[in-house]
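Keep the 3D view open as you read.

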Amino acid sequence: MLQKVMDDLNKFYSKPIDVLEDGKSFIRLIEYIGDDWSVVQSARVSFGQGRKNDEEDTRLIRYLMLHDHMSPFEHIVFKFHVVCPLFVRSQWFRHRTWSYNEISRRYTSKNIQFYIPDRFRKQDLTNKQGSVFSEEINNDIARNTVIKQSELALNAYDVLLEMGIAREHARMVLPQNMYTEFYATVNLRNLLHFVKLRITPEAQWEIRQYAKAILDILEETVPICLDAFKEKYELK
Ligand SMILES: Cc1cc2nc3c(=O)[nH]c(=O)nc-3n(C[C@H](O)[C@H](O)[C@H](O)COP(=O)(O)OP(=O)(O)OC[C@H]3O[C@@H](n4cnc5c(N)ncnc54)[C@H](O)[C@@H]3O)c2cc1C
């Protein structure tokens, strides 16, 4: 009985998955509603039917995914807790079909952390939006430059606060690599849309790491839907 309670708790309050290189970021599935068979039930309600058997139901999921009959996938809902740099947050929040609540730097000046990568990328010469990891870059110098600049920014922020300037005003000196955290709720249809757009090489490396972590979460929660999605978009 106790084990079952523990299993249920672990299911709903799952462990954070580390995402970026510096170990300060994560994505954590807080809770979710539904499973693979919720898609089947929602789709078959059109005919007044429910589940049949694993084989036929799996075939139906693949058919729906392949032919873009996506509304049955809206009945599965996920709530995540995300810690990421501000520039990743900006990209993430462009996805308007999610619901968000974020930490506010108008209310708190505590626990400020910065994303300090171990490895840096240079501009991709063929893809204007892209970047590539390169042996030519001196990662130590780049890293120290980011650390120094982050410390300077934090110092300026503290000076402004000590002068009595409001948090909402003082935060203007905090840089793009500052970490933020938010809760985000989304249905499976829109989650897969996010993954499709943000896992490709055209998307920025940092947000791609979050998209990959989401794939791991989907593998645990909706493996049949995920398999159909991967097949459709050739992600296998
Ligand atoms: C690699 C990459 C590069 C990008 N570069 C830039 C850039 O340089 N500049 C920039 O500004 N943005 C950029 N974006 C953001 C991009 O334009 C989208 O805003 C973002 O990907 C969200 O996609 P979406 O609107 O499909 O998703 P969502 O907002 O989650 O919407 C999902 C779907 O709902 C429908 N929908 C939602 N809202 C509306 C609406 N108001 N009207 C009609 N249909 C709606 C659409 O069908 C949409 O596809 C980039 C995105 C990617 C992946």
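The points below go from the whole chain to single residues.

This is a predicted model. The protein chain has nine helices and seven strands.

**The whole chain**

- The C-alpha trace of the protein chain spans about 65 × 45 × 35 Å along its principal axes.
- The protein chain has 236 residues, and 23% of them count as buried.
- Take the contacts in the protein chain with a separation of 6 or more: residues 24 or more positions apart account for 69% of them.

**Helices α2 and α3**

- Helix α2 covers residues 36-44, and helix α3 covers residues 54-66.
- Their axes come within 10 Å and cross at roughly 80°.
- Angles of 65 to 115 degrees count as roughly perpendicular, and α2 and α3 are therefore roughly perpendicular to each other.
- Which residues of the two helices meet? From α2 they are D36, W37, V39, V40 and A43. From α3 they are D57, L60, I61 and L64.
- By class, this contact of α2 with α3 has seven nonpolar residues, two charged residues and no polar ones.
- Asp counts as charged, so D36 in α2 and D57 in α3 are the two charged residues.

**Helix α9 and its buried face**

- Helix α9 runs over residues 223-232. C225, L226, A228 and F229 are buried in this helix.
- Why do the buried residues of α9 line one face of the helix? Seen down the axis of α9, they fall within an arc of 160°, so they line one face.
- What do these buried residues pack against? Their partners are α2, α3, α7 (188-198) and α8 (205-221).

**Two residues with positive phi**

- Most residues other than glycine have a negative phi.
- D68 is not a glycine, yet D68 has a positive phi of about 60°. D68 sits in the loop between α3 and β3 (77-85).
- Is D68 buried or exposed? D68 has 7 other C-beta atoms within 10 Å, so D68 is exposed. The cut-off for exposed is 12 or fewer.
- E234 is not a glycine either, and E234 has a positive phi of about 50°. E234 lies in the segment after α9.
- E234 has 6 C-beta neighbours inside 10 Å, so E234 counts as exposed.

**Lysine K122**

- K122 lies in strand β5, which covers residues 121-123.
- K122 has 11 C-beta neighbours inside 10 Å, so K122 counts as exposed.
- Leaving aside neighbours within four places in sequence, which residues is K122 in contact with? They are S131, V132, S134, E136 and I137.
- K122 and H95 are 27 residues apart in sequence. In space they are 27 Å apart, C-alpha to C-alpha.

Methods
Residues numbered from 1 in each chain as written. Predicted model: local features only at pLDDT ≥ 70, side-chain atom pairs only at ≥ 80, totals over all residues. Axes fitted to C-alpha atoms, helices over the stretch in contact; angles between N-to-C directions. Helix = DSSP H or I, 4+ residues; strand = E, 2+ residues; numbered from the N terminus. Parallel < 35°, antiparallel > 145°, perpendicular 65-115°, else oblique. Contact = placed C-beta atoms within 7 Å. Buried ≥ 20, exposed ≤ 12 C-beta atoms within 10 Å, placed from the backbone. Arc of directions from axis to C-beta.
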